[in-house]
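Here are my notes on this one, as numbered points.

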Amino acid sequence: MSRASIEWISGPVLRARATGPFALREALRVGPNQLLGEVVSLHEDLLVAQVYEDTTGLRPGDAVEGSGLPLSIRLGPGLLGSICDGLLRPLSGSDSVFVAPGFSGASTRRHAFRPLVQPGQVLHAGAEFGRVAGPSAGAREHRCLVPPGKSGEVLRIVAVGEHCDDEVLCVLKDATGTEHQLMMSEVWPVRVPRPVAQRLPSGDPLVTGQRVIDALFPVALGGKAAIPGGFGTGKTVLLEALVKACAADVIVYLGCGERGNEMAGAVEEIAGLIDARSGRPMSERTVIVANTSNMPVAAREASIYCAVTIAEYFRDQGLHVALMADSTSRWAEALREVSGRLGELPGEGGYPAYLGSRLAEFYERAARVRTLSGDLGSVTLIGSVSPQSGDFSEPVTSHTTRYVRSFWALDVTRARARFYPAIAPLASYSQDADTVAGWWVGVFAETFGAAMNGAEEGWQALRRRFLTLLAEQARLERMARIVGKDALQPQQRLTLLCAEVVNETFLRQSAYSAKDAYCGPQRQARMMRLLGRFMDLAAAALARGASPEAVAALPVLRPLQRMGDEIGEDEAEAFVALEAALEADFATLLTEAGDAPQA
Ligand SMILES: Nc1ncnc2c1ncn2[C@@H]1O[C@H](COP(=O)(O)OP(=O)(O)OP(=O)(O)O)[C@@H](O)[C@H]1O
Ligand SMILES: [Mg+2]
């Protein structure tokens, strides 16, 4: 084993003189407590390393040992429901509430294993050799797959029984005579993307239950999205709403550099939730990686790779995985701090020159794929960005913009007015909208059936109409500030009214409302169609002499604006009744205006 002796140390960074060969990115054991470190540069016999744990107490002369392996984590069935630090050491569980320093062993928890193959069978990477029972009765079973790069004929396999994470369950012998030991867990280097058979284009969205996202700025399964927003604009609340409601099979939540007490609150809440779709505990399908602001900064840098590696691991089981990272800015700050300690030349904003390529590497790992087992799986990445004073031109936000396809910009003015989620429609976009349009055609057909005739507007037309309306609103508001509201034409005043209704009814959605915290695709479709109908009727009324103010005074406006809060998921008949009230109100308005309504 290679050894080195510490010569200089500053915070998480150390220099050591090596007496044996080390490799770049090799994991290290540092000092008497065997702290976890990683080689970041090598020059002749001088190595520079970053240490992932508190280095207080280390001193020159202390020993550094090579591990012969790159920085890796153990991936296995025990991950679901667990809460770990940035290097995957458990923060919860039986042993201790504290993270033990140094290398972590496998967990001692035992799982019920059931073999699926027999000696003599030939297995390739991705083949399933057994299953592990879920954490409780009725939970999904965990598939034990031959890890990437391994294959061969089954020499032996254990019988049904309880086993630990790191026990050898099956032995393969490949064509060269090499034996491979398989366990229910596997060790994988975090900075290396896990291989897939094929990257596939996406067609379906990741349904989030947030109207402004699903209907206006969708993210495809396997897509990548960013939530930039200044201090207190609702990034964390939005991400937590996505964790609770999004339609992924597995969710990895990465709390990166956030305040410890907030993180603890989030963790507790998730742990206690019951999944509305399946009726099962949320913890059965979540993994929480927590690296709060008081934990060592280098570990925060690594935590993002750990989290995405976990996501890929579950994707390889044929699952759809969503990774929510809060916040990528805190991660970039860790990168900046370590880079500064390493004495690297600072670039824009003090961040290292490789900030952009590191962000790209992270977002690149989002994909919809055909796995080595031949199944479909995906990793969708959603990261919040917290630019200083909400300035989106700063390096982390501007680099992120280049790599994500969905951009949900949170707006300080909206947040201050307590308009949540504070996603600003004019500053946000989605390049996945065309991708998921076909999926929405299906939702509309399913929701309205025969009532949808060919001429009626579908999702794409309604979406475009809403976005045009909101852009027009911004233009008219600018104009009204100059010429005054009274100078606006009736047509323009009606546009402002319609935009107000769309904003209040459709874009606004409280994360704390019993009926509205989650809005399913069919309910979104009903609301969109009803708002489209309202705009049609209002325009027709205007054309026949009714004033925008008379439209605004219609009794139906109040229930229309409150339909999100008042009409729940399975209350289709209430939408039908509301539509009837809408038609009736406009009919009355036109009669009063002295004009008979047209059929
Ligand atoms: N969707 C929402 N529905 C209702 N209230 C919300 C919503 N989003 C945010 N809020 C309110 O705004 C407050 C701040 O939100 P949050 O903590 O998510 O902001 P943040 O952007 O994560 O802040 P920081 O920059 O400090 O991380 C919340 O405590 C909550 O009161
Ligand atoms: Mg936050």
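1. Domain bounds here come from an automatic or database domain assignment. For this chain the assignment gives domain 1 (3–70), domain 2 (110–186), domain 3 (198–431) and domain 4 (441–592). Between domain 1 and domain 2, the C-alpha centres are 35 Å apart.

2. Some housekeeping before the details. This is a predicted model, where local features need pLDDT of at least 70, side-chain atom pairs count only at pLDDT 80 or more, and totals for chains, interfaces and linings use all residues. Residues are numbered from 1 along each chain as its sequence is written, while chains are lettered from A and ligands numbered from 1 in the order in which they are written.

3. Overall size. Along the principal axes, the C-alpha atoms fill a box of roughly 95 × 55 × 40 Å.

4. Make-up of the chain. There are 16 helices and 26 strands, taken as DSSP runs numbered from the N terminus (helices are H or I with at least four residues, strands are E with at least two). Buried residues make up 47% of the 599. A residue is buried if 20 or more other C-beta atoms lie within 10 Å of its own, exposed if 12 or fewer, and partly exposed in between, with C-beta atoms placed from the backbone. As for contacts (C-beta atoms, placed from the backbone, within 7 Å), 69% of those with a separation of 6 or more are between residues 24 or more positions apart.

5. The ligand is worth a look. Where does ligand 1 lie relative to domain 3 and domain 4? Both domain 3 (198–431) and domain 4 (441–592) give residues to its shell, so ligand 1 lies between them. A residue counts as near the ligand if its C-beta atom, placed from the backbone, lies within 6 Å of it. There are 15 residues around ligand 1, and Gly234, Lys235, Thr236, Val237 and Tyr420 come nearest. By class, the shell has seven nonpolar, seven polar and one charged residues.

6. Pro421 sits in the loop between α8 (412–416) and β26 (429–430). Arg418 is in the loop between α8 and β26 too, and has a positive phi of about 55° although it is not a glycine. With 10 C-beta neighbours inside 10 Å, Arg418 counts as exposed. For context, most residues other than glycine have a negative phi, and most peptide bonds are trans.

7. A cis peptide bond with omega about 5° joins Asp326 and Ser327, and Ser327 is in the loop between β22 (320–326) and α5. Eleven of the 14 residues are buried, so α5 is largely enclosed by the rest of the structure. Among them are Trp331, Glu333, Arg330 and Arg336. Just after α5, Gly343 takes a positive phi of about 75°.

8. Glu44 is one more to check by eye. Its phi is near 50°, positive in a residue other than glycine. Glu44 is found in the loop between β4 (35–43) and β5 (46–51), and is exposed, with 7 other C-beta atoms within 10 Å.

9. Last, Phe506 in helix α11 (residues 490–507). Buried or exposed, with 22 C-beta neighbours inside 10 Å? Phe506 counts as buried. Leaving aside neighbours within four places in sequence, Phe506 is in contact with Arg211, Met527 and Leu531. Thr591 is 85 residues from Phe506 along the chain, and their C-alpha atoms are separated by 29 Å.

Notes
Ala, Val, Leu, Ile, Met, Phe, Trp, Tyr, Cys and Pro count as nonpolar, Asp, Glu, Lys and Arg as charged, and the others, Gly among them, as polar. Two residues are in contact if their C-beta atoms, placed from the backbone, lie within 7 Å.
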